Amino acid sequence: MGMLGNLLRVSQEELTSYVKDSSLFEDRIYQDYDENNIDTALVDIDKSWEAIAFLFGNGGDDYLERPLAKAIFGSHTLDESQDIGYGPARFVTTEQVKEINELLSQLSNEELRKRFSTQKMDEEEIYPSFWSEADEDEIWEYLSDNINTIREIYSTAAKNDEAVITFIN
């Protein structure tokens, strides 16, 4: 298993309802899905979440304080008392989504690839801490696939004037 990162695009109305009653959010993310019933607004970025935040933050010690960390970790807590698996869900507002989308559009995968170092990620104990044990090209492909998923979520949310809820479970 492990700690899996997730992002959910939501309308302002949905966000407001989830802030008022977070059990509605929990009902949504934990409903049974099958191939005929898929929530296309919900994506799973697997165990890549901290590595991507680290790359978004230019591999610095302060990567959690960098503006793009909000793309993974949100900036507002949905319900402090609700534990979705590894703490409460967090969110970014529609305005913040637009800002994040703009920052993501200015940061190429080529630039992120230059920042990528399995050795540095192991040294910094970036979750899931197996970086130098795996093939670097395969790891980069895994990360870039999830980076592209994040780009798509924020691009679509910006176009649709949506917020994004982030959570780890």
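1. Basis. Residues are numbered from 1 along each chain as its sequence is written, and side-chain values use heavy atoms, without hydrogens or water. The model is predicted: local features need pLDDT of at least 70, side-chain atom pairs count only at pLDDT 80 or more, and totals for chains, interfaces and linings use all residues.

2. Main core. The largest nonpolar core has 38 residues. Such a core is a set of buried Ala, Val, Leu, Ile, Met, Phe, Trp, Tyr and Cys residues joined through side-chain atoms within 4.5 Å. Buried means under 20% relative accessible area, exposed over 50%, partly exposed in between (1.4 Å probe, protein chains only). F56, I72, L143, I150 and Y154 have the most contacts inside this core. At least two of its residues come from each of strand 2 (42–46), helix 3 (49–56), helix 4 (70–73), helix 5 (94–105), helix 8 (136–159) and strand 5 (163–168). Helix 8 gives the largest share, nine residues. Helices (H or I, at least four residues) and strands (E, at least two) are DSSP runs, numbered from the N terminus.

3. Another core, of 14 residues, lies apart from the largest one. Among its members are L15, Y18, A163 and F167.

4. I72. Beyond four places in sequence, I72 is in contact (heavy atoms within 4.5 Å) with I45, W49, I52, A53, F56, I150 and T166.

5. Helix 5 and helix 8. Their axes come within 9 Å and cross at roughly 135°. Axes are lines fitted to C-alpha atoms, for helices over the stretch in contact, with angles from 0 to 180 degrees between N-to-C directions. The two helices are therefore oblique to each other; angles under 35 degrees count as roughly parallel, over 145 as roughly antiparallel, 65 to 115 as roughly perpendicular and the rest as oblique. V97, K98, I100, N101, L104 and S105 of helix 5 meet I150, R151, Y154, S155, A157 and A158 of helix 8.

6. R9. This residue sits in strand 1 (residues 5–10). R9 is buried, at 12% relative accessible area. Its side chain makes a polar contact with that of E162 (2.7 Å). A polar contact is a pair of N or O atoms within 3.5 Å; within protein, one must be able to donate a hydrogen and the other to accept it, and residues adjacent in sequence count only if both atoms are side-chain atoms.

7. N109. Helix 6 (residues 109–115) holds N109, which is buried at 18% relative accessibility. The N109 side chain makes a polar contact with the R151 side chain (2.9 Å).
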